[in-house]
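Colleague: Hey, can you walk me through this one? I'd like to go through it bit by bit.

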Amino acid sequence: MRKWPETTVPTSNGSHPPGSLQREPAAFAPYFSGRLQQKLSGATSARGMVVEAPSGYGKTTLMQDFFLKMLPENTVWIRHVCTEESPRAAWRRFCFSLRNIDAAAGEALLRLGLPDEDTLGDAETLLREMECPVPTWLAVDDFHHIAGLAPPSLWSALLEHDAPHLHAALVTRPLARSVAPCEKSGLLFLGNDDLRLTERECGEYFAVAGFSLTEDQTRELFRRTGGWIIALALHLRRYRESGAFAQASDLDGLLRDVVWNTLDDAARDALLRCSPFDAFTAGQAAFLAEMPELPANVITHLRRNTFFRFEAASGLYYPHSALLEFLRGEFAALPERTQRETLYRAGDWCAANGERGKAVAFYYRLRDFEKILALDLSGLEDNRLMDMPDRAYADALRDIVAHCGPDMKLRHPLSMIQLAFEFFGQGCLEDFAALCAEMAEIAGQDVLPETERNRLRGELLLMEAFSRYNSITEMGERMRRAAALTGGATSLISPHNSWTFGNVSVLLMYHRDAGCLDRELADMETYTPYYVALARGHGSGGPALMRAEALLCRGETDAAEIHGHKARTEAELHGQISVLIGVALFFGRLAILRGDGAAFASALADTTRLAEECPQKSNRMAADMARAFLMGILERPQDMAGWLREGPPSAFGRRLFTQAAPCAHICRARCLLLEGKAAMLLGEADAALALAEALHSSLALLYGHIHIAAARNMLGGREGALTALRKALDLALPDRLLLPLAECYSLIGPLLESLRPDALTDIRALAARLEAGRAAVPRGTSTAHPPFGLSRRELTTALLAAEGFSNQEIAEKIHVTVNTVKAHLKSAYKKCGARNRLTLHKLFQNRQDNFTDNYPKG
């Protein structure tokens, strides 16, 4: 027996369960023209289809009442309804729907987040390679709401997938850009001309409903409607009731005459109060209309009206988009008092049902800032107070704060603290400091109860600690006092956020003053436990990792390893992914020093695994930098991520928190040195040094001066090189940070001999260990990590293309479609910097390791 079709829809509380689709019988059967049926005759076997036409052309009716009935027995039908919502919310719901097809792919896309320039390729690969074991159709209705979330290539990947049992249909209003070349992709396309009825078909439409029109009537009907289905349906409804066409000539007039004027006051009031929502439940409608429950006649009307579609899985009623626009126009004409009462009820409904972000948006629209502050603003989804597509987040925050007077702030001090922390997270440091200062004055007043006043002072001290980055003592003292005052965990910090701000080295972040490293390490171990307790484990493993890094830089590898294992254990216990990526980098560097290829392969694999398990952007960028740092030591710049290898550094700000940017500059500078681009390095060096100075990063300054010295020496500027190297030595030797010098010894060794022969022995010994490690490690990792930052599937495709195989031959070898081969090659060309197959061949031919020889092709 045929499996009843499934659907995925948003419920009022944000969940998205699959379930059955139900709809009350319409007053008359829908009509589909013979030519449309002919075009759809082979659609069930097509890979997918795009139905693109303006509102009112019967797109959804076509899919639900005709195409669905054409599908073979046991076909699974999943309908995803897109709505007007924030990009993040829209992407989450779409991923929830995909989980009903391929749970692993849907979950991976969900973790990946809204695709950006760095994750678009991964998202496309996941869509192309979804697995679907049973015949399934995914119908994405009102697709135009999400089409702009990503470039057309993402949606092409969905349509051109490789799963033989999966079919996708995009049902949409006209798009600015086509999502796929349907005629070349085996996809069916239905447009305006396919859905609009001819004059003859208009007569047939009425005849199917039992009404025979004269030629003159048919001609008049076509003149009035132009074959537009929604207009025809409204005229048919009026004709059925009165024996004459409706008098109105425009859609709003038709809806008013045929639908609106036939409703009683209770039904009209309920629909107007629901109009702020794209869909609603009966309980939601009753709440908004201030009734204990909806009257039976209203529910009957909703179930039987062809302009509403009922989803049984969630209990949601979806009004037709044309009717919804009409209702919102009527709502806008209501007295302001009635509109405000309705919007308040809408906000209250969202707040009571866990949708605080939407509640904030409604209250913000009402300019009721007291209601916003009265909400619990901690722990919001995506760590955002609200997510409105039509307003910049930081501007909305400023607007809220500007309209909160002193008395309001006094009534809701913890909410104001949350707003201040939002400013900090957005990089609005002046706004952050100003609001903190104002709240500090309030915390000093005696009007608040002592417990609440202490809690407020503790939270303020915690935020003030962040503003003292990277002075461990100043930050730590404030955290110690904050812990004593709050008496428990803070509501500001999520333990899942990146403690390192996406950096991969705690030593790079917190080593501030040359000659003071031992004190800094002791302070880190003294003060961080206060913060860890406040933030429920956030930052666990950080102090141990900093000490491990310091010992490694001094060449004390055995002691360093102990602290590295301690850092890993503490970070794993509390799920600190950002710290664990730093731990992986540490063990990778240690493995190179020891020439341990297996340990190096494990560390490298850990960076990839951690970023895949928790692919928030800061973790993905951190993993890229960890791998790039290791590839720099191994002198394999071609294996660095493209955004680091190719730059420009001015683009780092789009990907990284400011605190993580120095690491990116170090990786890029190393890459430029290895590629012989000394002049380019010197051109970028001043900006990198200025950032390191601003962040008080002594280690970043050390690397910066080393790289400048190497670059000037490469260009024959010995005196300039010596000057830069003296600055580097002044930063390195007081704390015996010798490893950075050893990593660049081949370029600065002769200079060191003339400056500090006393330190040369230890540096040369470390450099010798590195050189031996470089020779040993690649032999143990020849198949551990694809070159050029390629995915494994991209590498396989690129290797076959480099050997001269055609796209069709590659597709047959690796069991994917030709379109997927093209997509993988496009991504591989970009990552490798190649232009064609010949360039790929030369790149792989010139590889110094044996990775490509051992990697399986197909």
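**A chat about the model**

Modeller: Let's start with a residue on the outside: His815 counts as exposed, because its relative accessibility is 69%. Keep in mind that this is a predicted model.

Colleague: Okay, and where is His815 found?

Modeller: His815 is in the loop between helix H43 (807-814) and H44. His815 also has a positive phi of about 65 degrees, although it is not a glycine.

Colleague: What about Asp142, what is its phi near?

Modeller: Phi of Asp142 is near 55 degrees, which is again a positive value in a residue other than glycine. Asp142 is in the loop between strand E5 (136-141) and helix H6 (152-159).

Colleague: Is Asp142 buried or partly exposed?

Modeller: Partly exposed, because the relative accessible area of Asp142 is 23%.

Colleague: New topic, the inside. Which residues touch the most other members of the largest nonpolar core?

Modeller: Tyr510 and Leu725 do, in a core of 199 residues. Helix H30 (residues 577-594) gives the largest share of this core, twelve residues.

Colleague: What is Tyr510 in contact with?

Modeller: If you leave aside neighbours within four places in sequence, Tyr510 is in contact with Tyr469, Asn470, Ile472, Met475, Trp499, Glu520, Met524 and Met546.

Colleague: What's the peptide bond from Tyr469 to Asn470 like?

Modeller: That peptide bond, from Tyr469 to Asn470, is cis, with omega near 5 degrees. Asn470 lies in the loop between helix H24 (450-466) and helix H25 (472-486).

Colleague: Let's go to H30. Is Ile581 buried or exposed?

Modeller: Ile581 counts as buried, because its relative accessibility is 0%. Helix H30 is where Ile581 is found.

Colleague: So what does Ile581 touch?

Modeller: Not counting residues up to four places away in sequence, Ile581 touches Val504, Leu610, Asn619, Ala622, Ala623 and Ala626.

Colleague: Can we do helices now? How many residues of H20 are buried?

Modeller: Seven of the ten residues of helix H20 (residues 393-402) are buried, so the rest of the structure largely encloses this helix. The buried ones are Tyr393, Ala394, Ala396, Leu397, Asp399, Ile400 and Val401.

Colleague: What covers the buried residues of H20?

Modeller: The cover includes helix H18 (356-366), helix H19 (369-374), helix H21 (406-411), helix H22 (413-425) and helix H23 (429-443).

Colleague: Pick H22 then. At what angle do the axes of H20 and H22 cross?

Modeller: Roughly 150 degrees, and the axes of H20 and H22 come within 10 Å. Angles over 145 degrees count as roughly antiparallel, so that is what H20 is to H22. The crossing of H20 with H22 is left-handed.

Colleague: Which residues meet there, in H20 and H22?

Modeller: From H20 you have Tyr393, Ala394, Leu397, Arg398, Ile400 and Val401, and they meet Met416, Leu419, Glu422 and Phe423 in H22. By class, this contact of H20 with H22 has eight nonpolar, no polar and two charged residues.

Colleague: One more pair. How do the axes of H35 and H37 cross?

Modeller: The axes of helix H35 (residues 661-674) and helix H37 (residues 698-714) cross at roughly 20 degrees and come within 10 Å. H35 and H37 are therefore roughly parallel to each other. Their crossing, H35 with H37, is left-handed.

Colleague: And which residues make the contact of H35 and H37?

Modeller: H35 brings Pro662, Ile666, Ala669, Arg670 and Leu673. On the H37 side there are Ala700, Tyr703, His707, Ala710, Ala711 and Met714. Sorted by class, the contact of H35 with H37 has nine nonpolar, one polar and one charged residues.

Notes
Residues are numbered from 1 along each chain as its sequence is written. This is a predicted model: local features need pLDDT of at least 70, side-chain atom pairs count only at pLDDT 80 or more; totals for chains, interfaces and linings use all residues. Side-chain values use heavy atoms; hydrogens and water are left out. Axes are lines fitted to C-alpha atoms, for helices over the stretch in contact, and angles run from 0 to 180 degrees between N-to-C directions. Helices (H or I, at least four residues) and strands (E, at least two) are DSSP runs, numbered from the N terminus. Angles under 35 degrees count as roughly parallel, over 145 as roughly antiparallel, 65 to 115 as roughly perpendicular and the rest as oblique. A crossing is left-handed if the near helix is turned anticlockwise from the far one by less than a right angle, and right-handed if clockwise. Contact means heavy atoms within 4.5 Å. Ala, Val, Leu, Ile, Met, Phe, Trp, Tyr, Cys and Pro count as nonpolar, Asp, Glu, Lys and Arg as charged, and the others, Gly among them, as polar. A nonpolar core is a set of buried Ala, Val, Leu, Ile, Met, Phe, Trp, Tyr and Cys residues joined through side-chain atoms within 4.5 Å. Buried means under 20% relative accessible area, exposed over 50%, partly exposed in between (1.4 Å probe, protein chains only).
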